[in-house]
Each structure stands twice: as C-alpha cells, then as structure tokens.
Amino acid sequence: QFSKAMADFDKVVALYPKESGGYLDRGVTYEFTGDHKAAQKQLNESLDLNPTAYDAYYYLGLTQWGLGQYAEARKSFALYIDKTSRPIVDVAIFEWAAAAWSGESGDARLKLFRDRYSGWPTQIFDFLLGTGTEDAMRAAAKEGDAVEVSRRLCGVDFAIGLSRKTHGAKQEARQDFSDTQSVCPPLFGEAAMSASELNRAP
C-alpha cells in the first residue's frame with residue numbers, strides 16, 4: 001500500500017513541483033516505512049516551499065527522532081505545538097522526551113501544557129513530571145470503549161519506556177517500546193518512535 005501511495009505522490013510532485021503538499025505526503029510515507037533520511041529530505045523540501053505548513057513539523061520531529069537528532073526533534077515538536085491551532089496533545093510528551101535526551105529539561109513546557117488540560121492524558125504528564133504513578137496512568141487508561149482503551153495503553157507503555165530510558169534503565173525501556181509497538185496503531189507517532197528506539201543498538 002505504501003508503494004502505491006508513493007507512486008501517486010511522485011506523480012503529484014511531477015505535476016506540481018512548487019507545491020508543498022506532495023513533498024509532505026512523500027515525507028510522511030518515507031517516515032512510516034522507516035526511511036528517515038529520505039523523509040527528512042522531503043519534509044524539509046515541503047517546509048522550504050511553505051514554511052507555515054506547521055503540521056510538517058510534527059512529521060519532521062518524528063524523522064529527526066528516528067535519526068537520533070533529539071535536540072532538533074524537540075525544536076520541531078515545539079514549533080508544531082506552538083504554531084498549530086489544535087495540536088495532537090501527545091506531542092507535548094514527545095517534546096519532553098526529546099528535550100531530556102538532548103540534555104535539556106522539558107519539565108517547564110510540559111507543566112504549561114499540563115495546566116491547559118483536564119482528563120486524559122494528564123495522567124501521563126503527571127507520571128513524567130514525577131507527580132503521578134504508573135498505577136494511576138493504567139487505571140485512567142482503562143476508562144472508555146475498547147478502541148479508546150487500546151490507544152491509551154499505547155501511550156502508557158510509551159511513557160513508561162520514555163521514563164525508564166530517561167533514568168538510565170535502557171534495557172527495560174526496550175521492552176516497553178516493544179510493548180508499545182504491539183498495542184499502538186501502526187501510524188501513531190508512538191509506534192514510529194518506538195520502532196526507532198528498537199532499531200538503535202542497545
């Protein structure tokens with residue numbers, strides 16, 4: 001299915017080489033097939049053509065994460081959050097981890113984001129900030145229908161992996177990232193980022 005989509009996006013770029021959308025679509029497709037370098041090139045091309053296509057920064061952040069460029073990923077996630085009218089809430093978690101893994105603290109930004117929300121996923125924010133527990137996350141994740149519970153558990157496993165890696169428990173984090181992949185829908189950021197972590201040398 002990805003190869004057919006890529007062929008279609010190639011046609012779009014050939015017909016409209018000065019439009020950013022085709023490059024964005026190719027970049028996203030490359031990212032979800034694990035070709036981070038090709039994805040980064042396409043996403044940068046898209047942003048060169050349209051610097052206000054802020055959704056592209058989300059995918060660029062995923063790509064930079066995949067390449068181990070955590071400081072750059074933090075900046076891309078922050079731009080996406082700050083410039084998009086309704087950002088995906090989980091991206092605040094991604095920004096926090098990218099900051100921590102590039103030697104910075106993402107706590108202040110995560111606290112600001114935490115104060116804007118009630119309900120899910122504030123339990124994940126609290127856990128990462130050290131004011132909540134894994135039990136509280138799991139209990140809150142089990143509220144809702146089966147699809148919602150599955151999506152929430154995806155976030156819980158990912159958050160635990162992030163926390164463990166941040167605190168030096170890299171081997172245990174790998175198991176959490178593996179668990180994340182088993183419960184997350186394949187096109188979720190958590191799934192792509194977990195795959196990137198598992199592909200790195202332990």
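**Helix packing and salt bridges in a predicted model**

Visitor: Where does Tyr16 lie?
Guide: The model is predicted, so local features need pLDDT of at least 70 and side-chain atom pairs count only at pLDDT 80 or more, whereas totals for chains, interfaces and linings use all residues. Residues are numbered from 1 along each chain as its sequence is written, and side-chain values use heavy atoms, without hydrogens or water. Helices are DSSP runs (H or I, at least four residues), as are strands (E, at least two), numbered from the N terminus. On that basis, Tyr16 lies in the loop between α1 (2-15) and α2 (20-32).

Visitor: What accessible area do Val12, Leu15 and Tyr16 have together?
Guide: A patch is made of residues with over 30% relative accessible area and no salt bridge, with like charges joined within 9 Å and nonpolar side chains (Val, Leu, Ile, Met, Phe, Trp, Tyr) within 5 Å. Areas come from the Shrake-Rupley method with a 1.4 Å probe, and for residues only the protein chains shown count as cover. Val12, Leu15 and Tyr16 form such a nonpolar patch on the surface, and their accessible area together is about 320 Å².

Visitor: Which residue is joined to Trp120 by a cis peptide bond?
Guide: The residue is found in the loop between α7 (107-114) and α8 (122-128). With omega at about 5°, the cis peptide bond joins Trp120 to Pro121.

Visitor: Are α6 and α10 roughly parallel or roughly antiparallel?
Guide: Axes are lines fitted to C-alpha atoms, for helices over the stretch in contact, and angles between N-to-C directions run from 0 to 180 degrees. Angles under 35 degrees count as roughly parallel, over 145 as roughly antiparallel, 65 to 115 as roughly perpendicular and the rest as oblique. Helix α6 (residues 91-101) packs against α10 at an angle of about 15°, with the axes 10 Å apart. The two helices are therefore roughly parallel.

Visitor: How are α3 and α4 oriented to each other?
Guide: Helix α3 (residues 36-49) and helix α4 (residues 55-66) pack at about 150°, with their axes 9 Å apart. Their orientation is therefore roughly antiparallel.

Visitor: How many salt bridges does a search of the whole structure find?
Guide: The criterion is a side-chain nitrogen of Lys or Arg within 4 Å of a carboxyl oxygen of Asp or Glu. Under it, the number found in the whole structure is ten.

Visitor: How many residues apart in sequence are the parts tied together by Glu95 and Arg109?
Guide: The side chains of Glu95 and Arg109 meet in a salt bridge at 2.8 Å, N to O. Since Glu95 lies in helix α6 and Arg109 in helix α7, the separation in sequence is 14 residues.

Visitor: Is Glu95 buried or exposed?
Guide: Buried means under 20% relative accessible area, exposed over 50% and partly exposed in between (1.4 Å probe, protein chains only). Arg109, at 34%, is partly exposed. Glu95, with a relative accessible area of 5%, is buried.

Visitor: Which residue forms a salt bridge with Lys165?
Guide: Lys165 lies in helix α10 and its partner in helix α12 (residues 189-199), so the pair ties together parts that are 32 residues apart in sequence. The closest N and O atoms are 2.6 Å apart, and the partner is Glu197.

Visitor: How many of the eleven residues of α12 are buried?
Guide: Among the buried residues of α12 are Gly189, Met193 and Glu197. Helix α12 is largely enclosed by the rest of the structure, because its buried residues number eight.
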